[in-house]
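Good morning, and thank you for coming.

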Amino acid sequence: MQLLFLGTLALFVGVTVAVPAQEKRVHHKPDLSDHVHDDAHGYQYDHEAFLGKEEAKTFDQLSPEESKERLGKIVDRIDTDKDGFISHAELHHWIKHRQRRYIEENVDKHWKEYDQNKDGKIGWIEYKNTTYGYYMDTEFDDVDDKASYKAMLTRDERRFKSADRDGDGVATREEFTAFLHPEEFDHMRDIVIQETIEDIDKNGDGKIDLQEYIGDMFTSENGEDEPDWVTTEKKHFSEFRDMNKDGFLDASEVSHWILPGEVDHADNEARHLIHETDQDNDGRLSISEIMDKMDFIKVSTITDFGTLTEDHDEL
C-alpha cells in the first residue's frame, strides 16, 4: 500500500534545493533544455528540445548511417498526416510531446498500481482503497495525525472529482493525468490555487498574509538571522504579489503568482527549426531539407533512443 501525498506531488518537480521553498510552488512548464539557446555556440538546445534532455545525452554513439536510418523513422512519426512533410503544427506537437514526457512517465509509474481490475480506467474507489484502504479500516486510528490523513482523503476526493470531467467516478488516462498533475490542465487551475491557499493559510481566513507567506518557506530557529532571500521575498510580497495592496494574497493574486502566463517555448522552437532548415521557404520541412541541414539538426540527437525499434510507442 502506498500512501501518496498527492496534494503536493506535482508541485516540486524539477526544482533544486537551492531555490527557496516558497518558489517551489510556482508552476513553470518543464524546460526544453538546460542549455542557452544560442546557435552561435552550438545546437545543444535544439537537440534536447527535439529529443528530451535525458535521451540527448547519448547522441554521439550513433554513426552517420545509423542517424540517417533512424531519421526516417522519426520523420514518419512526426509526419502524422503522412504527406511527406513536417509542418509547423506537427513539429510543435512533437516538441510538446517530448516536453511532457516526464509527466507521462510519472503516470505510467502509477497506472498499473491503481488500475486494480485492469479495465484501462481507474475508479475513485480503486484509488481510495489502494491509497487509504488499510488506514480506513481502522478509521485512521493507527496513525499519529488522524486529522491530517482524513484531510488528505477529502482533498484527494475533491481533486479526483475535478479531474473526472464526465462525473462518472472513473478516470480515463487523461483524467488521471489531470489528477496527478493538475497544474498542467486549465480546468484544474482552481484546484491548484485552492490547495496552495489551504497549505499556507494557517488561520483559515481563505487568504495569505505576509507572515503565512514567509512562514511557508522559512522559520527562524534559535535566534537565527533571516537569509537575504527572505528579505527579498518580503519585498516581492508587498510590491508584486499583493497586487491590490490590501496586505493579503487572495485567489486571483495566488493564481498570478503560482501559475504565471508563459511564452510557448515549444512553439518558438518549432518556428526556429523550420526557419533554419526550410530552404524553399514553403513553411514545412522535407526529408531532403533535413538531410541537407544535418550540421544544424544534428540528426543523431533527434533519433537516439538507445534501442529504437519500430514498436517504440513513446515516439
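I start with one residue in this predicted model. Valine 107 touches Arg173, Phe176, Thr177, Leu180 and His181, leaving aside residues up to four places away in sequence.

Valine 107 also belongs to the largest nonpolar core, which has 19 residues. Together with Ile122, Tyr127, Phe176 and Phe179, Val107 touches the most other members. Helices α6 (101-114), α7 (124-137), α8 and α9 (173-180) each supply at least two residues of this core. A second, separate core holds 16 residues, among them Ile193, Ile197, Ile200 and Ile214. As a general remark, nonpolar side chains in soluble globular proteins tend to be buried together.

I turn now to helix α8, residues 146-163. The buried residues of α8 include Tyr149, Met152, Asp156, Arg159 and Phe160.

Next, the aromatic rings. The count comes to 11 aromatic pairs. How is the pair of phenylalanine 160 and phenylalanine 179 arranged, and at what angle are the planes? The ring centres are 5.5 Å apart and the planes stand at 65°, over the 60 degrees required, so this pair is edge-to-face. Phenylalanine 160 lies in helix α8 and phenylalanine 179 in helix α9, 19 residues apart, so the pair links distant parts of the chain. Phenylalanine 160 is buried, at 3% relative accessible area, and phenylalanine 179 is buried at 0%. Both rings belong to one aromatic cluster that also includes Trp111, Tyr114 and Trp124.

Finally, arginine 159 lies over the face of phenylalanine 179, 6.0 Å from the ring centre.

Conventions. Residues numbered from 1 in each chain as written. Predicted model: local features only at pLDDT ≥ 70, side-chain atom pairs only at ≥ 80, totals over all residues. Heavy atoms only, no water. Buried < 20%, exposed > 50% of the residue type's maximum accessible area, 1.4 Å probe, protein only. Helix = DSSP H or I, 4+ residues; strand = E, 2+ residues; numbered from the N terminus. Core = buried A, V, L, I, M, F, W, Y, C linked by side-chain atoms within 4.5 Å. Contact = heavy atoms within 4.5 Å. Phe/Tyr/Trp six-rings, centres within 6.5 Å; stacked < 30°, edge-to-face > 60°. Lys NZ or Arg CZ within 6 Å of the ring centre and 35° of its normal.
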